Amino acid sequence: MNRIFMLFMSINLFVSSLYAQDISSLSGRVIDKQNKPLIGACLLLTPSDKGAITDADGRFNITNIKKGKYALEVSFVGYEQQTKQIYIDKKISLEVQMKQQILCLHEVVVTYEHSKKREREESLNIEIINKDFLKQNIGGSLMKSIERLPGISTIDVGSGQSKPMIRGMSFNRVVVLENGVKHEGQQWGADHGLEIDQFAVNCLEVIKGPASLRYGSDAVGGVVNIENYKYCADNTFGGEVNLTTKTNNALYGGSLSLYGRKKWFYFDARMTWLDYGDYCVPTDSVSVYSFKIPLHKRRLRNTAGNEKDFRVTLGYIGDKFTDKFFVSSINSEAGFFANAHGIEPVNVDDDVYDASRRDILEPKQKVNHLKILNHAKWEIDNLSLVSDLGFQRNLRQEHSPYVSHGYMPPLFPENLGYEENLERLFDKYVSSANFYADLKCGEKLFLSSGVNFEYQKNNIDGRDFMIPSFWQVTLGVYFIGRYVLDEHNSFQAGLRYDYGKIHTDDYYDWFPSIDETTNTEVYLQRSEELNREFSNLSWSLGYNYFVDKLSLKANLGKSFRMPIAKELSANGINYHHFSYEVGDKNLSPEVSYQLDLGIDFLTEKFGVGISPFINYFTNYIYLNPTSEHDSQYGNGNQIFEYKESEVLRYGGEFYAKYMVLPTLECGVVGEFVYSEQMTGDKKGFSLPFSPPASLLFNAKYKRHLCSLIRNFYVQVDYRLTASQKNIVPPEEITDGYQTFNIGLGCDFEFNKQTINLSMMLQNVLDTKYFNHTSFYRLINVPEAGRNFVVNLLIPFKIKK
């Protein structure tokens, strides 16, 4: 392995030396009206597609520029974009002074000029946000922080874990990428969150709609693309301290980052530590499966947790070649709500669990996610080559007290090789390799192609069975072409072939049961050895139109998703839902057809947009409740079976904004999704976890207060969510609700250093409401009560 890595790095360095040239460069500084540097301003040099981001002194440097005429576009959040026409034939230095502009509710798309370029090229609907948006909307997890985007919701597990839902699609139908590599955990479980450090995110992109063409099988519902690589200026060393606290669950913690660069070498490192207690809900008791559970001080007992993260990036920057080596380790431990996991809700010692809100008792889970990535990029004239190599290990352990069910022995045997409180263990190893090529054929035609490969092996252990050990391999090849007809019209078309194979191991109970037909002891087989192969041809057609203030988008495509091990071979109790889940080894891959549209009209004071979609699945895979109950394992749990059904889905999002005053802007964002099963046992019903329609009204005031307090803002969000009556059993109708959030923040000067302060008061009225897409909705646990969040960002730098 070491020889292969050294060979790979040697080839990279050899290629970079072949194409090194001594050509022109453009450098300078971006400042505001007070001649203060703007950190993070974006510069794009067209038509070269080269750019830069200003450092802590507002300086930038663009190298490897060929002689000729260029347009330099400079943008920064909160300032008007500037375009300068320049001629480059030698090293040039200039200074750009920016004029302030008040932003709007839809500011999430005004991050980098690259974002606007990306939106023009992509025929699907996308949202791109930066660190400023995440700071101003910080939630309990990274996915909660982006829930404010239209069409985006989350499946939550307590206050610290959640997974994304895009237009009602989640789990293995949404791909999460980190630094170009698909994040692989145990995303099939509703109680399994994402193992990503929210403080390390530099930029985040959400693609709404099927993106299987570029990202593979699981992107049938959409993509969350996370980027935490960042560059710094030459001969610099610095970092930042991020401190945060939340009142609802008594969270406190912080994150420390360091970065530096010396000529071609740079590094970026971060450590994060968080600790939180049981979170509070606005009620004195909850009803779990008809049992009334009193809550001590309104706390959901045993939902405390902690998180310890570490990541480091080492990189090489050359004129034609860049390489980044990334390592991260995410470690978390969190409790499950003690009254809703595997035992009767009333059989809990309240005195023990309520003694301290910070104790993490059983039932609980421990998770470690190790990730090693390498990103390399070559630029050779009009050709760009990219490779993303990755290795991941996801280790998840679930612990709970041993309780005998059915024919399980009263006392746990000592010869099984694991402790009796180890309920389940999942140990996944993932190796991946992605290769991309982008070719610019003149000014009209742009070609992209790529190869995606992934191998994963998931081992299991513990006393309880849910899914078997398995391995799977996937391979995909795609080609995409974009043709620019003129300055207003462009077309896009693509084709992709996918192949996948999955193997599941057989599994027998570790304890004997009584065969009711022969009245003899047998070790029941829960899973048989299985081999399945899948293949598919996907395609996509897109059209983009831009003129002045109007933009139109349309995309029609086919995508697919191969069944996962749980859907094929599950055969066990879900202790969180008190259900017995059974897979179907004969399931077919999901095939989806979707039409996406997008219309936007933007002026300096007014903007409006709508993005409808219609989606048809020929065979959507879902968990179907039956009238039967489990008899072998002593609980009488209702049996749920994985089935297929034709499904029709449609909906969309819209936004409108208006600048009332130069410092005040108001807006509204709305979203709606409708789903219906057209065939099968649940014909006429919706799909599980279908989000209800909602509206978000926003007012934001922003201005400079004085020379020491800049970028002051205060915003008010009012969310109006409709009731969800389109349900599928065992779901219950969820009533509508209204919530208020208030945010406030600014940049202020202290000891010649700019410090950022962000505060948010969530659920201002302490409203009791249920979130239909929450993991705890099925057991009638309301969402968190009032929460005051404070985040303090203190950057520092030492420049040689």
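A cut-off to begin with: a residue counts as buried when its relative accessible area is under 20%. Keep in mind that this is a predicted model.

So, is Gly785 buried or exposed? It is buried, because its relative accessibility is 6%. Where does it sit? Gly785 is in the loop that runs between strand E43 (753-762) and strand E44 (787-799). Leave aside residues up to four places away in sequence, and Gly785 touches Asn248, Cys280, Val281, Pro282, Gln762, Asn763 and Asp766.

Next, the cavities. How many of 30 Å³ or more turn up in the whole structure? The search finds 17.

What does the lining consist of? E26 gives the most, with five residues. By domain, at least three lining residues come from each of domain 2 (112-223) and domain 3 (224-441 + 448-487 + 500-799).

Now the packing. In soluble globular proteins, nonpolar side chains tend to be buried together. Here, the largest nonpolar core has 24 residues. Which members touch the most others? Leu142, Ile146, Leu204, Val224 and Ile226 do. Elements giving two or more residues to this core include helix H3 (131-136), helix H4 (142-145), strand E13 (203-208) and strand E14 (222-227). E11 is on that list as well, along with strand E37 (606-629). E37 gives the most, with three residues.

Why does this core lie between domain 2 and domain 3? Because both domains give residues to it.

Zoom in on Ile226. Again leaving out residues up to four places away in sequence, its contacts include Leu142, Val176, Leu177, Ile196, Val201, Cys203 and Leu204. Glu178 and Asn179 touch Ile226 too.

Last item: there is a second, separate core of 20 residues, with Ala41, Phe76, Tyr79 and Ile88 among them.

How values were computed. Residues numbered from 1 in each chain as written. Predicted model: local features only at pLDDT ≥ 70, side-chain atom pairs only at ≥ 80, totals over all residues. Heavy atoms only, no water. Helix = DSSP H or I, 4+ residues; strand = E, 2+ residues; numbered from the N terminus. Buried < 20%, exposed > 50% of the residue type's maximum accessible area, 1.4 Å probe, protein only. Contact = heavy atoms within 4.5 Å. 1 Å grid on protein atoms, 1.4 Å probe; cavity = no way out; pocket = protein on both sides within 12 Å on 5 of 7 lines; lining within 4 Å. Points joined across faces, edges and corners; volume = space filled by probe spheres on them. Domains from an automatic or database assignment. Core = buried A, V, L, I, M, F, W, Y, C linked by side-chain atoms within 4.5 Å.
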